[in-house]
Amino acid sequence: MLYELATLSCPLLALGHASEGVHAWVDDSEAKGQLMGCWRTEVGMLGRLIVLRGFTAPEDMTAERRRALLSANPFNAGGVVTALEMDSYAPFPFLAPIRTGERGGLYEIRTYRLKPGGLAPTLSAWEAAIEPARTYTEHLVVNLYALDGAPRITHIWAFASLQERAALRAQAYGDGVWPPKGGPDQIAEATSVIALPQGVSPLS
């Protein structure tokens with residue numbers, strides 16, 4: 001499975017209209033891939049819709065990228081969207097497939113830009129840490145590494161609240177099972193947003 005993360009920027013009051021267009025776009029008879037999640041940002045960079053789709057075949061993801069690029073109304077939201085980014089990812093190979101459904105309702109989407117050569121040791125560090133930190137990492141929805149652009153990973157977490165997130169992270173740090181040992185050494189830059197499901201999102 002490959003994944004696309006599309007980020008649509010638009011005025012705050014246009015997020016609802018844009019999300020209606022997104023859902024119509026991914027449900028179109030020409031569309032390929034599977035919608036996994038759609039969120040609006042609540043903390044961090046505001047005025048963003050983040051759309052996660054999965055593809056079983058690389059050519060399907062390429063076809064969807066081309067469909068958006070050649071459209072005068074990409075994601076059926078071209079009238080309100082001020083910027084559009086589409087990034088291609090592969091999942092960390094040792095993680096379970098994404099489990100959709102009710103996952104708490106509050107999502108953290110973190111992107112780490114890695115130092116050159118940093119992906120391989122990052123993968124090793126995460127693989128070793130997942131099971132010892134299971135109480136925390138069971139809230140991990142997915143971790144992905146970029147197939148284009150700068151070396152980076154994007155991981156999505158699900159929680160019931162910011163308080164739950166803070167408590168779980170404090171426990172994992174206190175127990176010495178998180179962060180993955182050696183993982184932070186590979187990070188050149190880190191960003192994070194808190195997002196909420198928008199519209200009919202399979203990850204809710």
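Predicted model: local features only at pLDDT ≥ 70, side-chain atom pairs only at ≥ 80, totals over all residues.
Helices here are DSSP runs of H or I with at least four residues, strands are DSSP runs of E with at least two, and both are numbered from the N terminus. Residues are numbered from 1 along each chain as its sequence is written, and side-chain values use heavy atoms, with hydrogens and water left out.

Let us start with the whole chain. The protein has 5 helices and 8 strands, and along the sequence they follow the pattern β-α-β-β-α-β-β-α-α-β-β-α-β. The radius of gyration is taken over C-alpha atoms, and the rule for a globule is 2.2 Å times the number of residues to the power 0.38. For 204 residues a compact globule would have a value near 17 Å, and the protein agrees because its own value is 17 Å. Taken along the principal axes, the C-alpha atoms fill a box of roughly 50 × 35 × 25 Å.

How much of the protein counts as buried? A residue is called buried under 20% relative accessible area, exposed over 50%, and partly exposed in between, using a 1.4 Å probe and protein chains only. By this rule, 48% of the 204 residues are buried. Accessible areas come from the Shrake-Rupley method with a 1.4 Å probe, and for residues only the protein chains shown count as cover. The accessible surface comes to about 9,500 Å², and 54% of this belongs to carbon and sulfur atoms.

Contact means heavy atoms within 4.5 Å. Among contacts between residues at least 6 apart in sequence, 79% join residues at least 24 apart. For charges, Lys and Arg count as positive and Asp and Glu as negative, without His and the chain ends; each charge is placed at NZ of Lys, CZ of Arg, CG of Asp or CD of Glu. The mean positions of the 17 positive and 21 negative charges are 4 Å apart.

Arg-165 is buried, because its relative accessible area is 17%. Leaving aside neighbours within four places in sequence, Arg-165 is in contact with Glu-108, Arg-110 and Phe-159.

Phe-159 leads us to the aromatic rings. Rings of Phe, Tyr and Trp (its six-membered ring) pair if their centres lie within 6.5 Å; planes under 30 degrees apart count as stacked, over 60 as edge-to-face and the rest as tilted. The structure holds 11 aromatic pairs. One of them is the stacked pair of Tyr-136 and Phe-159, with 6.4 Å from centre to centre and 20° between the planes. This pair links distant parts of the chain, since Tyr-136 lies in helix α4 (residues 134-137) and Phe-159 in strand β7 (residues 152-159), 23 residues apart. Tyr-136 is buried at a relative accessible area of 2%, and Phe-159 is buried at 0%. Ring pairs also join Tyr-136 and Phe-159 with Phe-92, Phe-94, Trp-126, Trp-157 and Trp-178 in a cluster.

Trp-178 brings us to a backbone feature. The peptide bond from Trp-178 to Pro-179 is cis, with omega near 5°, and Pro-179 is found in the loop between α5 and β8 (187-197).

Another proline, Pro-91, is found in strand β4 (residues 83-91). Pro-91 is partly exposed, with a relative accessible area of 25%. Pro-91 and Met-1 are 90 residues apart in sequence, and their C-alpha atoms are 7.5 Å apart in space. Not counting residues up to four places away in sequence, Pro-91 touches Met-1, Tyr-3, Asn-143, Leu-144 and Tyr-145.

The loop between α2 (58-70) and β4 holds Phe-75 and Asn-76. Phi of Phe-75 is near 60°, a positive value in a residue other than glycine, and phi of Asn-76 is likewise positive, near 55°. Phe-75 is buried at 0% relative accessibility, whereas Asn-76 is partly exposed at 32%.

Our last stop is Asp-148, in the loop between β6 (140-146) and β7. Asp-148 is partly exposed at 26% relative accessibility. Setting aside neighbours within four places in sequence, Asp-148 is in contact with Arg-65, Asp-87 and Ser-88. Asp-148 and Arg-65 are 83 residues apart in sequence, with 13 Å between their C-alpha atoms.
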